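Please read this briefing beside the sequence and the 3D view. The points are grouped by topic.

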Amino acid sequence: MADDKANAAAYWKANVRLITWSLVVWALVSYGFAILLRPMLAGIPVGGTDLGFWFAQQGSILTFIAIIFHYAWRLNKLDKEFDVEE
Amino acid sequence: MSQFAINLIFVGASFALYIGIAIWARAGSTKEFYVAGGGVNPITNGMATAADWMSAASFISMAGLIAAGGYANSTFLMGWTGGYVLLAMLLAPYLRKFGKFTVPDFIGDRFYSRGARLTAVICLIVMSVTYVIGQMTGAGVAFSRFLEVSSSAGIWIAAAIVFLYAVFGGMKGITYTQVAQYVVLIIAYTIPAVFISLQLTGNPIPMFGMFGTHIDSGQPLLVTLNEVVRDLGFRDYTADVDNKLNMVLFTLSLMIGTAGLPHVIIRFFTVPKVADARWSAGWTLVFIALLYLTAPAVASMARLNLITTVFPEGTSAPALAYEDRPEWVKTWEQTGLLRWEDKNGDGRIQMYNDANAAFAPTAEARGWAGNELTVNNDILVLANPEIANLPGWVIGLIAAGGIAAALSTAAGLLLAISSAISHDLIKSIINPNISEKGEMLAARISMAGAILLATYLGLNPPGFAAQVVALAFGIAAASLFPALMMGIFSKRVNSKGAIAGMLVGLISTLLYIFTYLGWFFIGGTNMLPNTPDNWLFGISPLSFGAVGAMLNFAVAYAVSLSTEEPPQEIQDLVESVRTPKGAGAALDH
């Protein structure tokens with residue numbers, strides 16, 4: 001029982017770490033590249049405009065998809081490692 | 001064949017398909033009614049969730065808003081997709097593990113209190129009803145245009161069809177119908193976009209065409225667009241915004257709000273396993289992205305096409321004579337959503353930014369006496385194929401698509417409202433001994449009440465469809481999302497903290513919105529004019545949800561820390577939802 005609890009706590013910690021990193025990327029592409037850091041990226045041209053505009057209308061959405069699939073793949077692996085899957 | 005007949009055939013055929021599916025898959029038990037029996041494949045669920053989620057606001061209004069606002073309105077694109085990242089990692093898998101039927105079920109059990117459950121029910125109803133208004137407005141526009149009736153009659157027709165349709169199937173019927181609706185709406189959205197992208201840039205993929213070269217001018221499409229809007233006194237399409245705080249908060253409100261929408265969350269109760277809930281969120285976003293990556297291309301190309309229509313010889317030559325206006329302008333004039341007023345009496349259609357003081361001398365020199373063409377943003381996507389002279393069947397298709405988007409979301413919302421009333425209010429609080437038949441009857445009656453209220457408000461809407469929906473997001477962000485997240489990620493937050501947090505989040509957001517938009521959206525009752533000068537720290541009422549969410553988190557923690565810890569069995573419950581082991585199907589209880 002104690003082992004189970006420790007195992008569950010370690011699994012949760014690994015999960016929270018993965019979530020934190022995923023959220024860092026999530027915030028960086030949307031609030032960062034697309035909004036606040038756009039003036040810094042203004043020098044990088046993309047099809048008649050700049051990289052910040054591309055991230056705001058295309059890049060952030062593509063990154064969000066990658067984040068979710070990466071998270072699902074990593075966590076489903078963690079489920080097996082910690083033996084907590086259904 | 002007339003365009004009206006083509007529209008009727010496309011819309012009629014799509015309705016026949018949906019009703020056929022709804023009859024085939026109608027719900028026989030409460031479990032089928034609420035969670036489709038809990039056995040939906042994650043990809044199928046992703047597609048249904050995408051249709052459920054992509055409403056009239058996404059299909060009809062969003063590209064129009066981006067066309068009008070350019071870069072500044074990228075907030076809708078990021079906000080309405082980024083929420084799925086939060087949903088996939090912070091809520092969906094754990095709520096699936098918890099395994100009940102509704103969102104208030106979780107809040108009521110986790111915070112071990114009827115008060116918490118009741119607060120969640122109230123939040124859910126307030127925001128779902130607000131959201132349905134946006135659908136009714138959007139469906140009203142689509143019906144009025146394609147069935148050639150007034151906008152009010154369009155809303156009544158939409159109400160009648162949504163009602164028939166949602167009462168039929170419950171979640172099971174709705175799920176499979178939504179899959180069909182997704183297919184209809186994505187085809188309807190992308191086909192005109194592909195044609196237009198080919199016409200303007202030669203590239204069949206709109207998301208690449210948008211950043212490609214404009215054939216007529218030989219330079220990048222966005223550069224040409226910036227030039228022509230500048231010539232008419234508008235801001236550059238790709239111009240940066242000054243108020244970044246508001247842009248960040250608005251995007252954040254939409255993201256948190258998306259993750260907190262009960263009608264989206266309950267869709268993840270329908271998949272067989274916890275791991276499926278994670279994959280399903282990813283698939284949902286893939287299906288949504290097909291439309292969302294196309295929308296900005298539609299927006300920029302439609303804006304360019306509209307200007308080229310009004311100024312066929314270029315923006316420095318005289319504008320189009322009203323006599324020569326194309327057929328689509330005439331048909332949209334009948335709906336009242338597009339208006340022309342000959343202010344300078346020259347019989348031509350001048351369209352420019354008359355609010356720009358710096359541009360006034362140029363306008364005067366050209367003999368213009370004010371902007372003469374008023375185009376409602378909401379018509380842009382629907383009129384897009386006509387503006388680009390596409391064949392009649394494409395126009396019929398877009399009619400069917402716009403209506404599919406509005407109906408699928410309205411059905412999902414009505415299900416969330418009716419399950420909150422019949423399951424959380426009647427079965428759990430008022431009369432626990434109600435029979436299964438009685439519960440389903442109550443669910444159907446509450447759907448009827450919700451749709452009547454939404455129709456009334458849809459006839460007197462507080463703004464464009466997408467903006468009305470944005471209000472619902474503020475409420476979801478400020479009330480439900482923080483409570484759900486804290487319920488999973490903190491063992492310390494207790495019932496008093498959660499209730500106080502939800503109430504503070506909800507009330508502060510509503511007060512802020514009503515201050516600027518009028519009490520209960522009734523025109524003329526607002527206490528301050530809704531202009532940026534009057535906003536607190538430049539935060540628009542639409543962006544306040546993120547602030548409300550922060551207040552909710554802060555109050556919930558402060559109150560919880562100064563009161564007792566939650567009981568042991570609740571802390572055990574939190575531990576159990578954190579691991580997928582032993583989930584099983586959604587519980588029948």
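A residue is called buried here if 20 or more other C-beta atoms lie within 10 Å of its own, and exposed if 12 or fewer do. By that rule helix H3(B) is mostly covered, with 10 of its 12 residues buried. The structure is a predicted model, scored at ipTM 0.96 and pTM 0.91.

**Chain B as a whole**

- Chain B contains 24 helices and 2 strands.
- Along the principal axes, the C-alpha atoms of chain B fill a box of roughly 75 × 55 × 40 Å.
- Of the 589 residues in chain B, 60% are buried.
- Among contacts in chain B with a separation of 6 or more, 81% join residues 24 or more positions apart.

**Confidence**

- Chain B has a mean pLDDT of 87, and 96% of its residues reach 70 or more.
- Within chain B, confidence is highest in helix H23 (residues 544-561), at a mean of 96, and lowest in H20(B), at 72.
- Over residues 585-589 of chain B, pLDDT stays under 50, and the model has 11 contacts beyond four places in sequence for them.
- Where pLDDT is low, the predicted coordinates should not be read in detail.

**Helix H3 of chain B**

- Helix H3(B) covers residues 42-53.
- From the first C-alpha to the last, H3(B) reaches 16 Å, close to the 16 Å expected at 1.5 Å a residue.
- The buried residues of H3(B) include Pro42(B), Asn45(B), Met47(B), Asp52(B) and Trp53(B).
- Also buried in H3(B) are Gly46(B), Ala48(B), Thr49(B), Ala50(B) and Ala51(B).

**Ala477 of chain B**

- Ala477(B) is found in helix H20(B), which covers residues 465-478.
- Ala477(B) counts as buried because 33 other C-beta atoms lie within 10 Å.
- Leaving aside residues up to four places away in sequence, Ala477(B) touches Ser253(B), Ile256(B), Gly257(B) and Gly260(B), and also Gly545(B), Ala546(B), Gly548(B) and Ala549(B).
- Ala477(B) and Ala160(B) are 317 residues apart in sequence, and their C-alpha atoms are 30 Å apart in space.

**Two domains in chain B**

- Chain B is divided into domain 1 (3-301 + 387-578) and domain 2 (314-380).
- The C-alpha centres of domain 1 and domain 2 of chain B lie 34 Å apart.
- The contact between these domains takes 20 residues from domain 1 of chain B and 17 residues from domain 2 of chain B.
- On the domain 1 side of this contact, the elements that give two or more residues are helix H4 (56-69), helix H7 (114-146) and H10 of chain B.
- H4(B) gives the most to that side, with 7 residues.
- The domain 1 side of the contact divides into 12 nonpolar, 6 polar and 2 charged residues.

**Where chain B touches chain A**

- The contact between the chains takes 42 residues from chain B and 36 residues from chain A.
- On the side of chain B, at least two residues each come from helix H5 (74-98), helix H10 (221-231), helix H11 (244-259), helix H13 (274-292) and helix H24 (568-578).
- H13(B) supplies the largest share of the chain B side, 10 residues.
- The chain B side of the contact divides into 27 nonpolar, 8 polar and 7 charged residues.

- Most residues other than glycine have a negative phi.
- Asp83(A) is not a glycine, yet its phi is positive, at about 55°.
- Asp83(A) lies in the segment after helix H3 (51-81) of chain A.
- Asp83(A) counts as exposed because it has 11 C-beta neighbours inside 10 Å.
- Phe537(B) is not a glycine either, and has a positive phi of about 50°.
- Phe537(B) lies in the loop between helix H22 (495-517) and H23 of chain B.
- Phe537(B) is exposed, because 9 other C-beta atoms lie within 10 Å.

Definitions and conventions: Residues are numbered from 1 along each chain as its sequence is written. Chains are lettered from A and ligands numbered from 1 in the order in which they are written. This is a predicted model: local features need pLDDT of at least 70, side-chain atom pairs count only at pLDDT 80 or more; totals for chains, interfaces and linings use all residues. Helices (H or I, at least four residues) and strands (E, at least two) are DSSP runs, numbered from the N terminus. Two residues are in contact if their C-beta atoms, placed from the backbone, lie within 7 Å. The expected span of a helix is 1.5 Å times one less than its number of residues. pLDDT is the predictor's confidence in each residue, from 0 to 100. Ala, Val, Leu, Ile, Met, Phe, Trp, Tyr, Cys and Pro count as nonpolar, Asp, Glu, Lys and Arg as charged, and the others, Gly among them, as polar. Domain bounds come from an automatic or database domain assignment.
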